[in-house]
Amino acid sequence: MTLTFPFPAIVGQEEMKQALLIACVEPRVGGVLIFGDRGTAKSTAVRALAGLLPEIETYEHCPYNSAPGSEPIGGDAKSRGSVVRKPTPVVDLPLGVTEDRVVGALDIEKALRKGEKAFEPGLLARANRGFLYIDEVNLLEDHIVDLLLDVAATGENVVERDGLSVRHPAKFVLVGSGNPEEGELRPQLLDRFGLSVEVATPRDIEHRIEVVRRRDAFERDPHTFCESWAEAGAELRERVAAAQKLVAKIETPDAVLRRASEICMALGADGLRGELTLIRAARAQAALEGSEEMTLDHLRAVAPSALRHRLRRDPLDEAGSSARIERGLAEAFAA
Amino acid sequence: MSETAHMRDSWGEARLAAALLAVDPGLAGAVLKARAGPARDAWLETLRHLVNEAAPWRRIPAGVGDEALLGGVDLAATLKAGRAVQRAGLLDEIRDGVGVLAMAERAETGLAARLAMALDAAPAPMIIALDESADPDEGAPGALSERLAFHLDLSAVSLSDLNTAPPGHGRESIAMARVRLPHIVSAGAERALPQTAAALGITSLRPPLLALRAARAAAALDDLDEIGEEQAALAARLVLGPRALHLPHEDEAQDDQPPESEPDAPPRDDEANNDNNEPDEQPDDQPDTAQTPDELTEITTEAAQAAIPAGLLARLEAGASNSRASSAGQSGATRKSGQRGRPAGTRRGDPGEGRKLDVLATLRAAAPWGRVRRRGWDRLKSGPALEVRREDFRIKHFKQKAETLTIFVVDASGSLALNRLSEAKGAVELMLAESYVRRDQVALIAFRGTTAETLLPPTRSLTRAKKSLAALPGGGGTPLATAIEAAEALAHGAARQGRTVTLVFLTDGAANVTRAGTGGRDIAQAEAHDAARRLRAAGHAAIMVDVSRRGAETARSVAQNMAARYVRLPAGNPAALADIARTAAA
């Protein structure tokens, strides 16, 4: 197996790391969108997620990563083997992928050799209980994006084709990244992502040197490099695991709820989705900090990521959405 | 340095780059800016010789489709075997090999993204992008060129350079350098190269990383244990220089390392000798190591600066104060309508109603079934070689929506200026915003006095639109006919480029200046009606926003003549304005 760059070794890019960690803790925030310049560790961060997540328990041969004790899909309980621990899947969705490969299709080999109508699960099945990552999401064909968002929202993949009728769970966190210079995402799609972060290249020269140094060290000797970061990785992994347990227990005080509504109204973020995401993200943030109570600080910390892409577009305002949201938040919290 | 010496230098360094690629394939490849010709062929030949002649070497056409690139069902083999036979795509074939992307400047961003993805994976191919662009605005797609270490320009290399160049590195020295490569110490270059990149305005962090790798490969070639001044300078020249966005700040680069420390490329003779020695026996204390990192930064920065292409500097000096913004604008402009009108893959479905059958994809879908379906026929000892059923049908899917252009024609004459010019401007701003959300292009024509002026050619830049609108003065007559004609000309051009055009007129329709620029209400009005009818014949969608206070009969009749939707601009009601904007854009 090829080693991936360790997550804690990524220099800076705090907002992106925060958003990804929140998605690890609370998958219901509904996906992360990362937009930014080239060479800003977008893909590196996402691919490093796998090393950060606790392993999942599933059956050895289950292509859907079913949880132990769940109903077998396709009516075959024996063939899925015994319960084992597997790393949380982080599935890369390549551009130019066909619909068949994404949702799954009739297994041609089996159909021909055995005359069986068998379903060959696609990438959605493999991503179940994990992450589905699309690099250059803005270049993916629209109908695939629609399909992905739909499945991500319902958590279930329904296949009705080739005389097959299969439905299987496909609960995954969608992570998309892209470079806005290559083309933007439709506003309807933007809104479907829970969190959105903008990454920029670091300006500080020491910072930049450190990035190059670490990346270079990794490329030269991945094993040694990963080992030297193993401890930090384990720490972070524990934090995520603890937060995953904690998050369900965290109450949402009325004051926080009220402030969340106020912020959304003040910023003109449409719809309830924004508010809901804001609350969920804040809760996950609280859990990550090991706090049993959600405070306004948590809200403040996640608000930019949760609302940035929901601002009503005002193209005549020359400030970017990041600047606008900071302005709006400063006002909302001053009140 | 004489001109010819410089050229030979560029050829020598290009070959050196090929050697570095052979030493460290992790450098990912090069953008080779050159027309087809002996220099390009010679360079590719050099690379091929050095890399490994057994490694796969494939040409990637710029228009390559996903089928060929990523692989898929092999039709012929599938029919023969009676089961699905997958064919490897080009990307599979060049894994561990070299892909030469022909006419890289024509490659779409989608292709670049796919190649970039392959480069990010392991094992990664090496990509040589052949950039034949003539225009400085063209070039290989950013996602790709970003990942390729070297940006070489062979356009200045002459035949005599090729013939008189001394022999370069041989395969033995490459092989030895590969052995040494993992043990090279980065030393000060680790700081100097990122600093140089920052000084040149290179924001991405890949270039300094690639430069560091290149410097290390150079050190391995030069039989050193650590990256010295020369290798760092070479890497800066080859990797960072061509990517520079601005000159290093004066105070940083001013300090005078006299130019002789800027290395030419003569150490080849030494290397040739060194190669005969045992590789690791080099003395540790190279004089270069005495350099402090900051001094090294100066050297690498100067080296990179020397390699900044002359044309680039001229362009930068010509005033693109923010070159990032301008390059972003370019990417929008070159994309034009290609993004939306292009075929967008194949899907299962029935043909008809404008959906076209994708014959090849359909056959491919049917092919694996051949044997099973033939079973029924076999008993009859006849039947088709391939049976296509309805479920095999694949249709071509196009992105239906063509790019649209909304042309705003704003009356800035005196009659309006007195009353409602600012409101009209507000309406245009709202409509601009709406168009922007829909990713439409907008253009702005204003008319007053005797002329109609295209204030803003078709653009997506809202900031520009807003500025030109704000600066629009009012006053003078109403040359409506001239304005309609100008709008029609603009619309015609855009329509020929495949855009859908919507015209939005904001006027009271009271023309009082003729096409000739003279006064005369009646003639002017008649001309306006004529122009309106001609515009109707052109068949563009049009909207007439009557900006007079109580509604003007003139505006209504002009609207009728051009078959435009007629709406009145409601007074002081932003919501209603926004509604108009929406209908205008819809």
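Chain B has 27 helices and 16 strands, whereas the secondary structure of chain A comes to 14 helices and 11 strands. Helices (H or I, at least four residues) and strands (E, at least two) are DSSP runs, numbered from the N terminus. This is a predicted model, in which local features need pLDDT of at least 70 and side-chain atom pairs count only at pLDDT 80 or more, while totals for chains, interfaces and linings use all residues. Residues are numbered from 1 along each chain as its sequence is written, and chains are lettered from A and ligands numbered from 1 in the order in which they are written.

**The two chains overall**

- Of the 586 residues in chain B, 46% are buried; a residue is buried if 20 or more other C-beta atoms lie within 10 Å of its own, exposed if 12 or fewer, and partly exposed in between, with C-beta atoms placed from the backbone.
- In chain A, 44% of the 335 residues count as buried.
- Among the contacts in chain B with a separation of 6 or more, 79% join residues 24 or more positions apart; two residues are in contact if their C-beta atoms, placed from the backbone, lie within 7 Å.
- The corresponding share for contacts in chain A with a separation of 6 or more is 75%.

**Confidence in chain A**

- The mean pLDDT of chain A is 82, and 88% of its residues reach 70 or more; pLDDT is the predictor's confidence in each residue, from 0 to 100.
- Where pLDDT is low, the predicted coordinates should not be read in detail.

- Because 10 of its 12 residues are buried, H1(A) is largely enclosed by the rest of the structure; the buried residues include A:Met16, A:Leu20 and A:Cys24.
- A:Gln13 is found in the segment before H1 of chain A, and its phi is near 50°, a positive value in a residue other than glycine.
- A:Gln13 is buried, with 23 other C-beta atoms within 10 Å.
- A:Arg283 is found in helix H12 (residues 271-288) of chain A and counts as buried, with 28 C-beta neighbours inside 10 Å.
- A:Arg283 and A:Glu26 are 257 residues apart along the chain, and their C-alpha atoms are separated by 8.4 Å.
- Leaving aside neighbours within four places in sequence, A:Arg283 is in contact with A:Glu26, A:Val247, A:Ile250, A:Thr252 and A:Met294.

**The five-stranded sheet of chain B**

- Five strands form an open sheet in the order S2-S5-S6-S1-S7 (chain B), with parallel pairing; two strands pair if DSSP finds at least two bridges between them.
- Strand S2 (57-60) and strand S7 (150-153) of chain B stand at the edges with a single partner strand each, so one side of each is left without a neighbour in the sheet.
- From one strand to the next, the twist averages 20°; axes are lines fitted to C-alpha atoms, for helices over the stretch in contact, and angles run from 0 to 180 degrees between N-to-C directions.
- S5(B) pairs with strand S6 (residues 126-131) of chain B in the parallel sense over four bridges, and B:Gly99 has B:Ile127 in S6(B) as its bridge partner.
- B:Met103 lies in the loop between strand S5 (98-101) and helix H6 (109-120) of chain B; its phi is positive, about 45°, although it is not a glycine.
- B:Met103 is partly exposed, with 17 other C-beta atoms within 10 Å.

- Six strands form an open sheet of mixed pairing, in the order S13-S12-S11-S14-S15-S16 (chain B).
- Strand S13 (451-459) and strand S16 (565-568) of chain B are the edge strands, and each pairs on one side only.
- Strand S15 (residues 541-546) of chain B pairs with S16(B) in the parallel sense over four bridges, and B:Ile543 stands opposite B:Arg565 in S16(B).
- Helix H26 (residues 553-561) of chain B packs on the sheet, touching strand S14 (500-507), S15 and S16 of chain B, and its direction makes about 175° with that of S15(B).
- Helix H24 (residues 480-496) of chain B has buried residues that pack against strand S11 (404-411), strand S12 (441-448), S13, S14 and helix H25 (521-538) of chain B.
- Just after H24(B), B:Gly498 takes a positive phi of about 90°.

Methods:
The expected span of a helix is 1.5 Å times one less than its number of residues.
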